[in-house]
Amino acid sequence: MTYCVGLLLDAGIVLLSDTRTNAGLDNIAVYRKMFLFEKPDDRVVAILTAGSLSITQTVLARLNEAIELDDDEVPSLMNCDTMLEVAELVGKTLSDVTVDVRSKMERMSQKASASMLVAGQRKGGVIRLFLIYPEGNFIEASNDTPYLQIGEHKYGKPILDRVVQSNTSLSDAKKAVLLSMDSTLRSNLSVGMPLDMAVIETDALKVSEKRRIEPDDDHFRAMSAAWSDALRRSFEDIEV
């Protein structure tokens, strides 16, 4: 299982993903689920993945292969004119791979699917955040719904609903996604550390901040403990 979240704010985008994959109680491993692509002063693209590892790795392999070809006749993350075209390219690739993998899995009565978050900005365009479904269609974050989640999202959703707005600062947004992840980690053992966090500031056209948070990270532990203490105090103060 996975939990990935992206916030679309006036000041930029904040992204967070876990790294745990689970193919059974005795087969747990760490795999990166956040992938960043940059062309200085031209574009920045981030992709977060959830679901079947065979599908997501194949999608990323095909996208990377297109970049390496460096052929304007072959659509790639680095030559799409807009972020909408990027989302369409990722959606088509995900759909094609899903069909290929599912046809093989169904022969063995197994199923596989994946979804992705795509975020970034192209020079001259606005910063955007999309959720790509297995079928290749997608939805986009907006001022009314300034965040998107994939994977095990229900435990981390309440805090986002209560505190995140389009004018939320990047500092508060980082706090929100980390506490959202902390709630998920406590409630679902199939989501696990280390965590990958990235920040893309509006019009920066680059990854402004990138951080790997390990299980022994003192700052994350302190934040988790402080959140637990704050919830307990608030609970005790409420009268019924």
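**Exercise 1.** At what angle do helix α4 and helix α5 pack, and how far apart are their axes?

*Solution.* Keep in mind that this is a predicted model.
- Start with the geometry: α4 (residues 170-187) and α5 (residues 218-237) pack at about 75°, and their axes are 10 Å apart.
- Angles of 65 to 115 degrees count as roughly perpendicular, so α4 and α5 are roughly perpendicular to each other.
- Next, find the residues that touch: α4 contributes Lys 175, Leu 178, Leu 179, Asp 182, Ser 183, Leu 185 and Arg 186, while α5 contributes Phe 220, Met 223, Ser 224, Trp 227 and Ser 228.
- Sorted by class, this contact has six nonpolar, three polar and three charged residues.

**Exercise 2.** Determine whether Lys 33 is buried or exposed, and find the partners of its side chain.

*Solution.* 
- Locate Lys 33 in the loop between β4 (28-30) and β5 (34-39).
- Its relative accessibility is 4%, so Lys 33 counts as buried; the cut-off for buried is under 20%.
- Now look at the side chain: Lys 33 makes a polar contact of 2.9 Å with the side chain of Thr 2.
- A polar atom of the Lys 33 side chain also lies 2.4 Å from the backbone oxygen of Arg 20.

**Exercise 3.** Classify the aromatic pair that the structure holds.

*Solution.* 
- The structure holds one such pair.
- The ring centres of Phe 130 and Phe 138 are 5.4 Å apart and the planes are at 80°, so the pair is edge-to-face.
- Finally, compare accessibility: Phe 130 is buried at 0%, whereas Phe 138 is partly exposed at 27%.

Definitions and conventions. Residues numbered from 1 in each chain as written. Predicted model: local features only at pLDDT ≥ 70, side-chain atom pairs only at ≥ 80, totals over all residues. Heavy atoms only, no water. Helix = DSSP H or I, 4+ residues; strand = E, 2+ residues; numbered from the N terminus. Buried < 20%, exposed > 50% of the residue type's maximum accessible area, 1.4 Å probe, protein only. Polar contact = N/O pair within 3.5 Å; in protein donor to acceptor, adjacent residues only side chain to side chain. Axes fitted to C-alpha atoms, helices over the stretch in contact; angles between N-to-C directions. Parallel < 35°, antiparallel > 145°, perpendicular 65-115°, else oblique. Contact = heavy atoms within 4.5 Å. Nonpolar A, V, L, I, M, F, W, Y, C, P; charged D, E, K, R; others polar. Phe/Tyr/Trp six-rings, centres within 6.5 Å; stacked < 30°, edge-to-face > 60°.
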